[in-house]
Amino acid sequence: MVDQPLPVISYARISSDTEKDEHGVEDQHRTNGATARRLGWSVVAEITDNDLSAAKAGVTRDGFEAMLRALRAGRLPDGGAVRGAVVVADDRLVRRAGDYERFVDALTYDDGRVYADARGPKNLYSEDVEAMGLFGVVISKIEVRKIQRRLRDNHRSRAERGVPVGGTRPFGWNEDKRTLNEAEAPYVRQAIRDLPRGKSLTAICAEWRAAGLRTSLGNEWTLRSLKLTLWNPRVCGWRNYRGEILRDEEGAPVVGQWETIVTPAEWEAVDAVFQARRGRSVGTGQEIGDVLPENHSQARHLLTGVLRCGRVHEGKMCGTALRVSRHKDCKSHLYVCPSKAAGGCGGLGRQGDLVEEYVIEAVLARLEERQARAASAEPWDGEERLARLVAKRSRLSEEWQNDAISDDVYFPGVKKIEAQLKELRAERHRRQAMAARAGETEDVRERWKGLHVSQRRALVFEALHAVIVHPAGKGRKPFNPDLLVPVWKEE
Ligand SMILES: [Zn+2]
């Protein structure tokens with residue numbers, strides 16, 4: 001049921017009787033619905049709270065609680081599936097600090113859940129402070145509490161010293177979990193270098209199996225276990241702690257006491273690849289959150305999940321992901337908007353070979369351009385600025401915790417710093433991905449010829465969020481590439 005729109009809850013509240021409420025509840029649900037449609041999700045339940053006094057501790061919000069129950073269970077009381085939530089504005093969702101954590105816990109209870117607000121989808125599985133900035137100032141306080149709580153955590157303090165923590169031997173290391181296993185580590189290193197250059201997980205997995213490698217538990221490698229191995233920041237000396245990179249109080253990753261297989265930059269390039277795919281799968285409304293490279297290789301057509309219907313009806317763009325179909329009069333396959341029953345508008349179609357030719361050309365041109373830029377790029381010079389900002393933020397937090405500055409000074413200040421940090425980190429990420437690509441000398445067009453459709457899709461998704469297909473009007477019209485509007489990913 002890959003093309004079924006993803007079922008989500010729309011949540012709204014009547015937030016205040018004193019401040020004039022900008023959106024009525026109906027407006028909130030309407031905005032949520034539009035956001036969901038744009039993302040290829042479908043609202044299966046509208047939950048509303050009359051929340052005039054929820055900011056007072058001890059007042060429960062029935063709607064909010066019902067939403068948490070449904071998210072945790074993955075289904076509504078009537079048995080219908082739920083895979084996420086859309087909320088028009090975050091400050092409506094979270095009035096008390098504990099609510100935020102409970103909401104995230106419930107939503108991320110299972111893999112593949114989605115969340116969006118009016119500004120678009122957010123990945124709640126990634127817990128870094130910047131990502132949490134979406135919940136506004138509340139988070140800064142939560143973050144402080146979280147750090148305090150974790151400092152009391154024994155597991156954490158071991159991890160903080162970089163001491164390997166219990167569990168099975170990680171693949172690539174010996175039983176001591178510190179020294180490299182010379183038979184295994186080179187495979188991990190090679191795979192991490194190959195992935196950002198377009199080699200697929202499927203191909204790597206096949207090679208490892210052919211080489212007779214087994215996981216440290218003695219099992220055959222699967223795409224899933226391979227992905228977890230390569231994506232584990234342990235390979236570069238960093239540590240995952242409850243789904244995020246463990247950082248010290250200055251915000252720098254804690255470095256482990258074990259030998260590393262690759263550099264942090266190499267791991268971050270792989271991380272960027274997986275994150276990009278994660279972003280992609282959110283957009284298509286397929287198996288979300290879980291990267292599912294299986295899906296990647298199963299798709300037989302280059303642009304499923306890429307093309308979106310641009311037909312406008314009653315002032316709103318349809319936005320549904322186009323599906324592949326066939327027609328007896330047409331040699332090529334067609335990309336069409338699914339029927340109304342299947343969540344689309346059923347009113348748009350385009351000849352597959354022509355669309356693909358155009359999109360391939362646009363993507364290759366873009367990749368060539370990027371390669372040329374990467375080859376001539378100066379090294380990134382922002383590390384010092386980043387370190388300064390991190391220090392500034394922790395100074396500010398310290399002053400706030402010691403009551404040296406008021407909430408009115410602290411929250412706007414920390415918000416500003418976090419916005420700058422977010423930008424800098426994103427830039428660093430881009431530059432690292434760029435540096436990883438700078439080593440490629442092979443011609444993009446030549447490489448394209450030798451790629452499997454799954455690898456081509458990976459390249460397309462690396463460059464594009466989507467291509468909006470605008471209607472051509474009634475009757476048969478000659479193919480007009482101007483009606484295809486690519487939405488490029490920022491670099
Ligand atoms: Zn449509």
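Is Lys 177 buried or exposed in this model? Lys 177 is buried, with a relative accessible area of 15%; buried means under 20% relative accessible area, exposed over 50% and partly exposed in between (1.4 Å probe, protein chains only). The model is predicted, so that local features need pLDDT of at least 70 and side-chain atom pairs count only at pLDDT 80 or more, while totals for chains, interfaces and linings use all residues. Residues are numbered from 1 along each chain as its sequence is written, and side-chain values use heavy atoms, with hydrogens and water left out.

**View 1. Lys 177 in the loop between α7 and α8.** The loop that holds Lys 177 lies between α7 (154–160) and α8 (185–194); helices (H or I, at least four residues) and strands (E, at least two) are DSSP runs, numbered from the N terminus. Most residues other than glycine have a negative phi. Lys 177, a residue other than glycine, has a positive phi near 65°.

View 2. The buried residues of α14 are Leu 386, Leu 389, Val 390, Arg 393, Ser 394, Leu 396, Ser 397 and Trp 400. Because these residues cover an arc of only 155° around the axis, they are on the same side of α14; the arc is that of the directions from the helix axis to the C-beta atoms. Exposed residues Glu 384, Arg 388 and Glu 398 are carried by the face of α14 turned away from its buried side. Asp 403 follows α14 and has a positive phi, near 60°. This residue is found in the loop between α14 and α15 (407–438). Asp 403 is exposed, with a relative accessible area of 68%.

View 3. Three strands in the order β8-β14-β15 make up an open sheet with mixed pairing; two strands pair if DSSP finds at least two bridges between them. Strands β8 (307–309) and β15 (484–488) are the edge strands, each pairing on one side only. On average, neighbouring strands of this sheet are turned by 30° against each other, direction ignored. Strand β14 (residues 464–469) runs antiparallel to β15 and is joined to it by five bridges. Ala 466 has Val 487 in β15 as its bridge partner. Helix α17 (residues 453–463) packs on the sheet and touches β14 and β15, its direction making about 90° with that of β14. Contact means heavy atoms within 4.5 Å. Axes are lines fitted to C-alpha atoms, for helices over the stretch in contact, and angles run from 0 to 180 degrees between N-to-C directions.

View 4. Three bridges pair strand β12 (residues 334–336) with β13 in the antiparallel sense. The bridge partner of Leu 334 in β13 is Gln 351.
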